[in-house]
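Open the model in your viewer and keep the selection panel at hand. The stops below say what to select and what is there.

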Amino acid sequence: MNKKLIGSVVALAAVVVVLAATRRHGDAPVAPTPRVVAEAPVGPKAPAAATPAAEEPSADGMEVTQTLKGKDFELQVTAPPIETVRYLSITMKNGQPIDKVQSLHGSEASPISDNTFAPDHTFSLKSLIPGDAREQIVCKGTEMLMRGEGMLGHYMMYRIEGDTLRELAQLIIERDREDGNGPPPQKLKATVEEATRDGQPALIYRVKVEKQPERTIVFRWNGKVFEDPSGEYAKIESEYNP
């Protein structure tokens, strides 16, 4: 045998012996590089759930709290994001806005945006006046007054005339002021019934003041507003309307 070949075989055998001895002495083998395996989905693969879109607020932050549709107009009550008041807007079918309000006792009309209502006020539509092209608008509700004045409730009726909302009636339906260090207590409770008297529209006002017996006052339609011919309501209003 060739001497060079014999030397190579001897060297190779020596390497094998060294490796075997190393393993016998407990050297830990090098750990394999870990692999990241994606977890397999259970069941059929479902599409990713879409995140629900948040409701877009209006440009001015107003929230619509009530909507009514009349024969040729739409009424909306809106609430601002901070103030505890309600605003009224009315738009005719042809797109014309009703932008003024004529109050029952006011001499001139004011912008409708200057007239606010309480959160408890609710609106409804009535067809009480014969010959009117559209419904009348009724607002009822109570509000808490400041400076210990307690609670005040009103019944109000309106009519659309041109570009103006005209007030036809304003009646106190609730007054509750508790006894305290300020003004004396007041108690009033009333109901209003839309009716007809002698063939004409009328408002039947039944009121109980303090511990007095219930009284009935009939407001009659005079072609422009509802009025009390007896003059009794004027006394109630002067005492119970703060």
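Start by selecting T142, which is found in strand 9; helices (H or I, at least four residues) and strands (E, at least two) are DSSP runs, numbered from the N terminus. The model is predicted, so local features need pLDDT of at least 70 and side-chain atom pairs count only at pLDDT 80 or more, while totals for chains, interfaces and linings use all residues. Residues are numbered from 1 along each chain as its sequence is written, and side-chain values use heavy atoms, with hydrogens and water left out.

Is T142 buried or exposed? T142 is buried, with a relative accessible area of 17%; buried means under 20% relative accessible area, exposed over 50%, and partly exposed in between (1.4 Å probe, protein chains only). Leaving out residues up to four places away in sequence, T142 touches residues including M151, L152 and E174, where contact means heavy atoms within 4.5 Å.

Next, select strand 9 (residues 136-144) and strand 10, which run antiparallel and are joined by eight bridges. Two strands pair if DSSP finds at least two bridges between them. I137 stands opposite Y158 in strand 10. Six residues lie between the two strands of this hairpin, and R147 in the turn has a positive phi of about 60°.

Stay on strand 10 (residues 151-161), where nine of the eleven residues are buried. On to its pairing with strand 11 (residues 164-177), which is antiparallel and has eleven bridges. M157 stands opposite A169 in strand 11. The hairpin of strand 10 and strand 11 has two residues between the strands, and G162 takes a positive phi near 65° there.

Now select M157, L188, L203, Y205 and F226. These residues have the most contacts inside the largest nonpolar core, which has 25 residues. A nonpolar core is a set of buried Ala, Val, Leu, Ile, Met, Phe, Trp, Tyr and Cys residues joined through side-chain atoms within 4.5 Å. Strand 11 gives the most to this core, with five residues. Domain 2 (123-184) and domain 3 (186-241) both give residues to the core, so it lies between them; the domain bounds come from an automatic or database domain assignment. Apart from it lies another core, of 18 residues, among them L75, V101, F123 and I137.

The last stops are salt bridges, each a side-chain nitrogen of Lys or Arg within 4 Å of a carboxyl oxygen of Asp or Glu. By this rule the count comes to 16. Select D163 and K100, whose side chains meet in one of them (3.7 Å, N to O). This pair links distant parts of the chain, 63 residues apart: D163 is in the loop between strand 10 and strand 11, and K100 is in strand 5 (residues 100-102). D163 counts as partly exposed at 29% relative accessibility, and K100 is partly exposed at 31%.

Finish with D132, R159, E161 and R166, which are linked in a network of salt bridges.
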